[in-house]
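Visitor: I would like a friendly tour of this protein, please. Could you show it to me before we start?

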Amino acid sequence: MPTSTNQHNAGNLGFLKRLNRSAILEMVRRSPGMTRADIATHARLTKATVGTGVQSLLARKWLTEGDLKKSSGGRPGRALYLNDEHYALIGAEVGVHGLRMVACSLNGDILDQHHEHLPPTTPEITARHLAECLQTLLAGPAVAERHCLGLGIAVPGPIAPGQTVLRLAPNLGWRDVPFLDLLQQYLPAPEGIWLMDNEAKAAAFGELYFRTGDIPDSLLYVSAGTGIGSGLVEGNPWPVVTRGVQGLAGEIGHTILQPGGLYCHCGNRGCAETLVSGWTIRAALGIAEEDDLYEALASRLHDDEVQRTLKRAGQALGTLLLNLHHTQNPSEIVLGGSLTRLGPALLEPALSYFEASQNRLLGISQHIPLRIIEDSTFIAARGAAAQVLAHAIHDPDAVNRASL
Ligand SMILES: [Zn+2]
């Protein structure tokens, strides 16, 4: 459980102070520019408690002060913001065709990024390669001077709940891989929080957690790339990712859209991925795995065969989006992944079907927003970095590691 009182720690003064700092930090993170008085009002803490907590967070370089501004009642106070200069969060994604990594500030701004093409290979070679790239990133000028809070890794398959084991990555041919342990053998740093999650779940988390101001109650991220996955995240202050008992929740690529259809990499027939995925589009249009799908198609996008294939895939994507709307009903849907680069030929059939159908059941006019990310290269890696920050702020066990 995130920052709720815990029987074991309830009488521990240090723990209670940390809870207060966590609540204050979370409030400033979500609503930058709050004053101490604003926080006291909203968090129902005494002004003295907020004053002590803010002082401690300023000293630990989590917060900075801005200009004087009007507070909610009383004298003007200093606006408070996250200190974006001191800490770094590292996130990386192991994709089917490459490695992506970012260093972020506390606000989620990307300080440095790197994308390395790597054809599917063994977990060991991938871990070694990723470790080398991360060492370069950590030593770079944008990161080296900062205090690193930890490392989050996003992987293309379901994670065993409560463990750091990748259960299956069908498009890499990996099964039951303790990837974080492997990586640790090659990468001694950074110290701090290490975690691993499915790429679509990490992306969903980052898209919600780094949002400020008008924050949706829940957000569903659909990752449409070589495979198709999704992640649902909801609630605050520490948003919960829906996982399922085996970590399979959100594996929409393997929901059946065509009983008795083509065989999928998972062994079942007629999965959504056999109709819409990077691998099925490649197979249909004869594009080799080592070629970049977008670049291979760029000059052929207006060919009839390509248009037909993408339209069919887009219609399947629209079906998936509508199914997700009816099964998960998130406040907002975000569509990312390398397939969005294929543009209107794929997206238009999906969006027009979704828009035309989303209100049929209830017969209302409420519009569930669907946002498309055209370049989602670093979205999952940034989401994994967001998960590091959430652990640093909300996880009581991270107290010593994150110096909150
Ligand atoms: Zn399947």
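Guide: Strands here are DSSP runs of E with at least two residues, numbered from the N terminus. Please keep in mind that this is a predicted model.

Visitor: Thanks! Which strand does L82 lie in?
Guide: By that definition a strand is a DSSP run of E. One such run covers residues 77-82, and L82 belongs to this run, strand β2.

Visitor: Is L82 buried or exposed?
Guide: A residue needs 20 or more other C-beta atoms within 10 Å of its own to be buried. L82 has 21 C-beta neighbours inside 10 Å, so L82 counts as buried.

Visitor: Which residues does L82 touch, not counting residues up to four places away in sequence?
Guide: Contact means C-beta atoms within 7 Å. With residues up to four places away in sequence set aside, L82 touches V28, R29, P32, W62, L63, L106 and N107.

Visitor: How far apart in space are L82 and L339?
Guide: In sequence, L82 and L339 are 257 residues apart. In space, going from C-alpha to C-alpha, their separation is 35 Å.

Visitor: Let us turn to the domains. How far apart are the centres of domain 2 and domain 3?
Guide: The protein is divided into domain 1 (13-82), domain 2 (87-204 + 380-402) and domain 3 (209-376). Taken over C-alpha atoms, the centres of domain 2 and domain 3 are separated by 24 Å.

Visitor: Which element gives the most to the side of domain 2 that touches domain 3?
Guide: In this pairing, 21 residues of domain 2 are in contact with 27 residues of domain 3. On the domain 2 side, the elements giving two or more residues are α12 (379-394) and α7 (199-209). With five residues, the element that gives the most is α7.

Visitor: Why is α7 largely enclosed by the rest of the structure?
Guide: Among the buried residues of α7 are E199, K201, F205 and Y209. The helix is largely enclosed because the number of its eleven residues that are buried is eleven.

Visitor: And how many nonpolar residues does the side of domain 2 that touches domain 3 have?
Guide: Sorted by class, this side has three charged and five polar residues. Its nonpolar residues number 13.

Visitor: Finally, what is the radius of gyration of the whole protein?
Guide: The protein has 13 helices and 14 strands. For 404 residues the globule rule gives 22 Å, and the protein comes close to this, so it is as compact as a globular protein of that length. Its radius of gyration is 22 Å.

Conventions
Residues numbered from 1 in each chain as written. Predicted model: local features only at pLDDT ≥ 70, side-chain atom pairs only at ≥ 80, totals over all residues. Domains from an automatic or database assignment. Contact = placed C-beta atoms within 7 Å. Helix = DSSP H or I, 4+ residues; strand = E, 2+ residues; numbered from the N terminus. Nonpolar A, V, L, I, M, F, W, Y, C, P; charged D, E, K, R; others polar. Buried ≥ 20, exposed ≤ 12 C-beta atoms within 10 Å, placed from the backbone. Rg over C-alpha atoms; globule rule 2.2 N^0.38 Å.
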